[in-house]
Amino acid sequence: MDVLPCGHPAHASRYRGCAHLVAEQPPGHYGRFTGVGFTYDVLCKSCAEREDPRLTVLCVGCAERVDDHSDVLGWIGQPEVRHHDAEPRGTWTTRECAVEPVNERCVAAVPDGWLVLTAAGLVEVGSRRPAVPVPLPAEPPDTLPDAPRPALHTSPDGRHAAVVTDFGRHGVVVDLVTGEPVLSLDRGDYRYRHTPFPVAFVGGVLVTATDWNRLDAFDPATGRLLTDRVTA
């Protein structure tokens with residue numbers, strides 16, 4: 001086993017970092033995408049401000065200390081985006097929309113059109129039904145670059161909608177026929193500020209984060225947990 005540039009005889013980790021992060025209690029860090037896939041380097045605040053910081057390969061132990069004890073201060077650059085060009089399918093249509101979404105993540109498809117999350121609640125474009133209120137818990141203010149903001153997801157059959165807070169902790173699943181909430185979502189209090197809310201309708205179930213390292217499946221019609229298990 002070779003001695004790595006970080007000074008430890010160990011296996012190499014998956015990323016490089018600056019020397020200031022080689023410590024028992026590493027400071028907060030930035031992730032800087034390399035432009036190749038999703039790979040990134042980790043840098044302390046002062047090194048992240050430099051154009052050409054000095055980087056070294058971190059051993060597995062150093063990388064684990066960064067993951068476990070160093071707060072993510074932000075991200076620099078973008079991951080590599082790969083394209084597979086193909087002709088679009090389907091037919092383009094245009095419809096009048098008299099409602100305004102809260103943001104660009106608050107529009108989702110339903111079988112007969114589009115569902116929009118507005119300031120008044122959920123509204124189906126072109127429908128005369130009143131808006132469906134959404135009892136989404138308020139999130140505390142934050143200083144990270146990505147502020148908490150609502151996002152909308154719909155089931156393939158158009159019966160249910162999940163309204164969540166991206167870069168937030170909470171969400172709610174609503175029955176669009178009855179207008180009633182059927183399930184409250186909570187992904188825990190550990191580093192939830194760093195990612196959009198992990199949630200998706202897959203077939204006839206809802207898959208969502210229920211902790212920082214756990215996904216569960218629910219029956220959206222009843223709110224029943226389908227993946228009850230004990231995890232360490």
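Phe167 is buried, because its relative accessible area is 6%, under the 20% cut-off. The model is predicted. Phe167 sits in the loop between β10 (160-166) and β11 (170-175).

Arg191 leads on to the largest pocket. Val72, Arg191, His194, Thr195 and Trp212 lie nearest the centre of this pocket. The pocket has a volume of about 600 Å³, and 21 residues line it. Which elements each supply at least two residues of that lining? They are β1 (12-17), β3 (40-44), α2 (60-69), β5 (72-76) and β14 (205-211). The most comes from α2, with 3 residues. By class, the lining holds 11 nonpolar, 6 charged and 4 polar residues.

Now turn to Glu49. This residue lies in the loop between α1 (45-48) and β4 (56-59). Is Glu49 buried or exposed? Glu49 counts as exposed, because its relative accessibility is 58%, over the 50% cut-off. Its side chain joins that of Lys45 in a polar contact of 2.8 Å. Glu49 and Ala12 are 37 residues apart in sequence. In space, their C-alpha atoms are 25 Å apart.

Terms used:
Residues numbered from 1 in each chain as written. Predicted model: local features only at pLDDT ≥ 70, side-chain atom pairs only at ≥ 80, totals over all residues. Heavy atoms only, no water. 1 Å grid on protein atoms, 1.4 Å probe; cavity = no way out; pocket = protein on both sides within 12 Å on 5 of 7 lines; lining within 4 Å. Points joined across faces, edges and corners; volume = space filled by probe spheres on them. Helix = DSSP H or I, 4+ residues; strand = E, 2+ residues; numbered from the N terminus. Nonpolar A, V, L, I, M, F, W, Y, C, P; charged D, E, K, R; others polar. Buried < 20%, exposed > 50% of the residue type's maximum accessible area, 1.4 Å probe, protein only. Polar contact = N/O pair within 3.5 Å; in protein donor to acceptor, adjacent residues only side chain to side chain.
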